[in-house]
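Please look at the sequence and the model first, and then read on.

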Amino acid sequence: MQPALLLMAVMVVSIVLFQVNHRIASPVIAIVNRWLRWFIFALGASYLCIEFGIIERPYWQLALAFFLLWFLGETVYNWLAIRALSVSPLPLFPRYTANDSGEEWPIQPRLLRVRDWLRAQGYRQVQAVRAEIGGGIHLRASIYQDPEATIRIHVMFLPQPGGSITLCASLSSQASDGLRYVTDNLFVPFGGFYPEAWHVDRHPWCRSLPRLIRRHRATLQRAGAVPESWAVDPVFDLNAQQSELDRLNTDLGFLHPQHEREDLGKITSQGCYRVWKEIWMLDYLGRPIRAV
């Protein structure tokens, strides 16, 4: 197959993946498509330079140069986006309130099947919550507990560009020794630090809620943890977590102190680097950085 036809075929695959992901909002498909676009740019630009005699260099050298150019361009874009977030009024740790509007689960078959599965397995909804993230946009979550009330599942609906919605989940258990065990499949970059008493296990590639629950239970079993039943109100617990994360990350230099944020922004230079690094890790490898 000629190089031009091969590039055209890969471009068609990329477009198809983009259209499919516009409906199902899968982070896994998004990662594959990012790699495809990167190679399409590097190989396609090199091919055009040779075909039209723009640059007289070996093909592999041009491909490597354009490969690095993509990296540089996306690095600049991500860094500017991080700095814009840092100086924007958008909260990094938004406050949650009870959601009494009745708008809990999006009316989409693939999302409703998750709700039906939770009910069939005996998980009980304890509360619906939401947090405003700016511009009238709310992050919505529905909170469930297992029959023993030892595992609290936060089912979150993340709005995506184009109007699609991605379902993510965060599972929490409080052990009798005071440790908190958290297992999630969030693919949103964090880059900060977690409290020492938290054991956080992130699996952005794991899009199956049953598999994520099995991972959480296996973590508890390996650690020999004895989970206690949840008694604290979900909204109170969520907001307490947000306050603790804000305080800890300020103390450790990820965030500027409150009185400096208006002039310097919320995120320090060290924090910006950590967020930039995690964006790359999540976007192209599906792995978060270690929060240490």
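Which residues of strand 6 point one way, and which point the other way? Arg-180, Val-182 and Asp-184 point one way from strand 6, whereas Tyr-181 and Thr-183 point the other way.

## Basis of the report

This is a predicted model, in which local features need pLDDT of at least 70 and side-chain atom pairs count only at pLDDT 80 or more, while totals for chains, interfaces and linings use all residues. Residues are numbered from 1 along each chain as its sequence is written, and side-chain values use heavy atoms, with hydrogens and water left out.

Helices (H or I, at least four residues) and strands (E, at least two) are DSSP runs numbered from the N terminus.

Strands 5 and 6 form a hairpin with 4 residues between them, and Gly-178 in the turn has a positive phi of about 95°. Strand 6 also pairs with strand 7 (residues 198–202), in the parallel sense and over 5 bridges, and here the bridge partner of Arg-180 is Trp-198 in strand 7.

## Cysteines

A disulfide is a covalent bond between the sulfur atoms of two cysteines. With the criterion that the two sulfur atoms lie within 2.5 Å, the structure holds 0 disulfides. The cysteine sulfur closest to that of Cys-168 belongs to Cys-206 and is 11 Å away, which is too far for a bond. Cys-168 counts as buried because its relative accessibility is 0%, and Cys-272 counts as buried at 1%.

## Aromatic pairs

Rings of Phe, Tyr and Trp (its six-membered ring) pair if their centres lie within 6.5 Å; planes under 30 degrees apart count as stacked, over 60 as edge-to-face and the rest as tilted. A search of the whole structure finds 19 aromatic pairs. One of them joins Phe-39 and Phe-67 in a tilted arrangement, 5.5 Å centre to centre with 50° between the planes. Because Phe-39 lies in helix 2 and Phe-67 in helix 3, this pair ties together parts that are 28 residues apart in sequence. Phe-39 is partly exposed at a relative accessible area of 41%, and Phe-67 is partly exposed at 22%.

Phe-93 and Phe-190 form an edge-to-face pair, 6.3 Å centre to centre with 70° between the planes. This pair links distant parts of the chain, 97 residues apart, with Phe-93 in the loop between helix 3 and strand 1 (96–98) and Phe-190 in the loop between strand 6 and strand 7. Phe-93 counts as buried at 12% relative accessibility, and Phe-190 counts as buried at 18%.

## An aromatic cluster

Phe-39 and Phe-67 also belong to one aromatic cluster, whose members include Trp-35, Trp-38, Phe-71, Trp-280 and Tyr-284.

How values were computed:
Buried means under 20% relative accessible area, exposed over 50%, partly exposed in between (1.4 Å probe, protein chains only). Two strands pair if DSSP finds at least two bridges between them.
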